[in-house]
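The sequence and structure come first, and the description follows.

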Amino acid sequence: MDNNILETNFGKAKTWVNSGFIDEDILVLDRLNEVPMPTEPRRMNFILIALCTKGSIRYNMDTKEQHVKPGDVIVVSEHHVIDGYQASPDLEGMCMILSTGFFQDIIQNVSDVSTLFLFSHMHPVMHLSSDEVQTFSDYFDVIRRKVKDTTNQFRRNLVRTLLLALFYDLSNVISRDREVSDKRLTRADEIFTKFLKMVESNYKRERRVGWYAEQLSITPKYLSETVKNVSKRTPNEWIDQYVVLELRIMLKTSTLSIKEIAKEMSFPNQSFLGKYFKEHVGMSPNAYRKSAF
């Protein structure tokens, strides 16, 4: 059944009417009702952030029903499966989609924001105050205008800066909701949250699922099953995501040699790092470093 789930990718999203976009990194649409939602299950391969200002939406995310009403902000991360979408005739709002790489590149040096966004994997719908709705509407509007301003030579950097500001404000909302939700976390949610926090602190030197399971005083099998059930991704996939992102950043922004990066990231040697990076990125570290400039 999983093999029959279609993917919704950025290329398809760029065909939506009245949308503005920059390459395959960000797309902004100020008419949520014009987003063409499919009738069959679709797997997301980008991050979607939307704000509902009027009407309502119902949808299933990984088989769990979600209800969206005016004043709600939606955050849907990659790999989630969306189906059962129903929108009221009077739906209004705005949305943006971001490639995973662009999103991670923006928050790469802001650990507080990246940690808080993990909360949205389990709680994709959050309610805003009236002041917050206005703030986020303003963000969407100015970001949409900058995305569409192709004459501005600093367009990409301006959008990145505006998005980081939006992420800080959204993280404040997430933090507030998390304080309430932490009091009623299920055992599985608690394990998943603790696991991700541990990965964020230890991925440079520890990539064994068994080590993380030991720190949590559970078996590797139980950790794997729990993380997969909660996030639809395996522990190894989460660890690899952090490691690959860090390698990309180091190759792009540092002057360290590949050998020095291998040592910094606790790889046995440069050759092992090269094989790992090519397996996950599709090119060698040297080729990626050259393509980044």
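What is the order of the strands in the open sheet of six strands?

The model is predicted. Its open sheet of six strands runs in the order β2-β3-β10-β5-β8-β11, and the pairing is antiparallel. At the edges are β2 (19-22) and β11 (125-127), each of which pairs on one side only. From one strand to the next, the twist averages 15°.

Strands of a sheet pair through backbone hydrogen bonds, in either a parallel or an antiparallel sense. Within this sheet, β5 (residues 47-54) and β8 (residues 72-76) run antiparallel and are joined by four bridges. A50 has I74 in β8 as its bridge partner.

## Helices on the sheet

Helix α4 (residues 130-148) packs on the sheet and touches β2, β3, β5, β10 and β11. The direction of α4 makes about 125° with that of β5.

Helix α2 (residues 100-107) lies across β3 (26-29), β5 and β10 (92-98). The angle between α2 and β10 is about 85°.

## Pairings of strand β9

Strand β9 (residues 81-87) runs antiparallel to β4 (residues 42-44), and two bridges join them. Here the bridge partner of R42 is I82 in β9.

Strand β9 also pairs with β6 (residues 57-61), again in the antiparallel sense, over four bridges. In this pairing, I57 is bridged to A87 of β9.

Definitions and conventions:
Residues are numbered from 1 along each chain as its sequence is written. This is a predicted model: local features need pLDDT of at least 70, side-chain atom pairs count only at pLDDT 80 or more; totals for chains, interfaces and linings use all residues. Side-chain values use heavy atoms; hydrogens and water are left out. Two strands pair if DSSP finds at least two bridges between them. Axes are lines fitted to C-alpha atoms, for helices over the stretch in contact, and angles run from 0 to 180 degrees between N-to-C directions. Contact means heavy atoms within 4.5 Å.
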